[in-house]
Structures are given as C-alpha cells and as structure tokens.
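Welcome! Here is a short tour for anyone meeting this protein for the first time. Take a look at the sequence and the model, and then we can walk through them together.

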Amino acid sequence: MPAESAQPSTVHLRRATARDAPEAADVWLRSFAAALPTVVRPRTDDEVRAYFREVVVPQRETWVADTGAEDGIVGVMVLGDGELSQLYLHPDWRGRGLGDRFIALAKERNPGGLGLWAFQVNKPARRFYERHGFVAVTFTDGGGNEEREPDVRYEWRP
C-alpha cells in the first residue's frame with residue numbers, strides 16, 4: 001500500500017539502473033495481473049524478471065517512477081524508436097497522475113510522434129491513451145503478438 005506521505009508530485013521519474021530491474025519487473029507483473037486478468041501471459045514470472053534484467057533495463061530507454069521511500073518503484077515506462085512499448089503502474093498507484101507524467105515525458109522525448117499497442121480488452125488503458133491524444137489506427141486479431149490477444153495500434157502526432 002502506498003505511504004500516505006508519498007504523493008505523485010514527490011515521486012521522481014528517472015532512468016532505470018541495473019539495480020531497478022527486479023522492482024520494475026515486479027511492477028510489470030502486478031500491473032499486468034491486475035489490468036489484464038483474462039490475457040494469458042506466454043512467459044513465466046522468472047522469464048519476465050530475466051527479460052527486465054537482461055534486455056529491458058540495460059538495452060532500452062527504461063524509466064521508473066521512484067517514491068524514494070519504502071514503496072520504491074511504482075511505475076515503469078519503456079521507450080524506443082518512436083514507440084511507447086511499455087507503461088505499467090503498480091495497481092495501488094493508478095489514478096494518481098503518474099501515468100500522465102510518464103506520457104508527458106514520452107512526448108517530450110519523442111516530439112515527432114509516438115506509437116503504441118494496447119490490448120483491445122484493456123478499456124481503461126485505451127481511454128487513457130485516447131485522453132492523451134492517441135488515435136486508434138489499426139485493430140488486429142492478435143495474430144502478431146505473443147499473447148494472441150486482439151490489440152489496437154495507437155499513434156500520437158503533434
């Protein structure tokens with residue numbers, strides 16, 4: 001549970017370091033389970049943790065939301081080549097403005113535009129991205145993703 005004193009304004013967005021990989025992976029796992037309970041994950045928890053440790057944090061532009069307190073890392077965002085490939089918040093920290101801050105940072109880092117994929121079943125995420133100016137441009141049957149879950153391509157252009 002979030003500390004009462006830790007407010008979104010005191011949460012720092014910063015580039016992830018190798019030490020952040022385990023906590024970032026745990027945020028991803030908790031968020032995915034809470035937001036997408038009907039989506040089958042093709043990877044085990046240990047495989048997800050290894051992916052964050054070996055690929056996501058060292059090889060991608062990975063950002064974390066760090067409370068600097070006992071809650072530690074409560075959000076993770078991954079950018080690359082005009083893509084917002086991951087944006088996950090600890091379930092206890094949703095609706096507190098961190099997603100808005102991550103999107104603002106993503107747009108600042110990619111002023112020419114951004115693309116992303118979201119699962120069609122994730123209605124809250126879709127509303128969130130649309131509220132931030134992303135437009136749905138393609139709907140698929142999920143044949144192109146590991147989960148085999150229907151998804152939607154979003155794009156933001158300034």
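Which residues does L84 touch, not counting residues up to four places away in sequence? Keep in mind as you look that this is a predicted model. L84 is in contact with M77, V78, L79, I103, L114, G115, L116 and Y129.

**Aromatic rings**

Next, the rings. A pair of aromatic rings is described by the distance of the centres and the angle of the planes. Searching the whole structure gives 6 aromatic pairs. One of them joins Y129 and F134 in an edge-to-face arrangement, with 5.7 Å from centre to centre and 70° between the planes. Y129 and F134 are both buried.

Y154 is buried, as is Y129.

Elsewhere, W28, F32, Y88 and F119 come together as one aromatic cluster. A charged residue meets a ring too: R96 lies over the face of W93, 4.0 Å from the ring centre.

What is the reach of helix α2 (residues 45–59) from its first C-alpha to its last? With 15 residues, α2 spans 20 Å, close to the 21 Å expected at 1.5 Å a residue. Helix α2 also has a kink of about 45°, centred on F52. F52 is one of the buried residues of α2, together with V48, A50, V55, V56 and V57. The buried residues of α2 pack against α1 (21–35), β2 (61–66), β3 (73–80) and β4 (83–89).

Helix α1 has 15 residues as well, and reaches 21 Å from its first C-alpha to its last, close to the 21 Å expected at 1.5 Å a residue. Its buried residues are A21, A24, A25, V27, W28, L29, S31 and F32. Packed against the buried residues of α1 are α2, β2, β3, β4 and β5.

**Some single residues**

Now for a few individual places along the chain. E23 belongs to helix α1. Not counting residues up to four places away in sequence, E23 touches D71, G72 and I73. The C-alpha atoms of E23 and D66 are separated by 10 Å, although these residues are 43 residues apart along the chain.

T17 sits in the loop between β1 (12–15) and α1. T17 and V64 are 47 residues apart along the chain, with 9.2 Å separating their C-alpha atoms.

N122 is placed in the loop between β5 and α4, and it touches A35 and L36, not counting residues up to four places away in sequence.

Most residues other than glycine have a negative phi. D81, in the loop between β3 and β4, has a positive phi, near 50°. R148, in the loop between β6 (135–139) and β7, has a positive phi of about 60° and is not a glycine either.

| Residue | Relative accessibility | Class |
|---|---|---|
| N122 | 12% | buried |
| T17 | 33% | partly exposed |
| E23 | 36% | partly exposed |
| R148 | 55% | exposed |
| D81 | 83% | exposed |

Exposed means over 50%, so R148, at 55%, counts as exposed.

Conventions: Residues are numbered from 1 along each chain as its sequence is written. This is a predicted model: local features need pLDDT of at least 70, side-chain atom pairs count only at pLDDT 80 or more; totals for chains, interfaces and linings use all residues. Side-chain values use heavy atoms; hydrogens and water are left out. Rings of Phe, Tyr and Trp (its six-membered ring) pair if their centres lie within 6.5 Å; planes under 30 degrees apart count as stacked, over 60 as edge-to-face and the rest as tilted. Buried means under 20% relative accessible area, exposed over 50%, partly exposed in between (1.4 Å probe, protein chains only). A charge sits over a ring if NZ of Lys or CZ of Arg is within 6 Å of the ring centre and within 35 degrees of the ring normal. Helices (H or I, at least four residues) and strands (E, at least two) are DSSP runs, numbered from the N terminus. The expected span of a helix is 1.5 Å times one less than its number of residues. The bend at a residue is the angle between axes fitted to the seven residues ending there and the seven starting there. Contact means heavy atoms within 4.5 Å.
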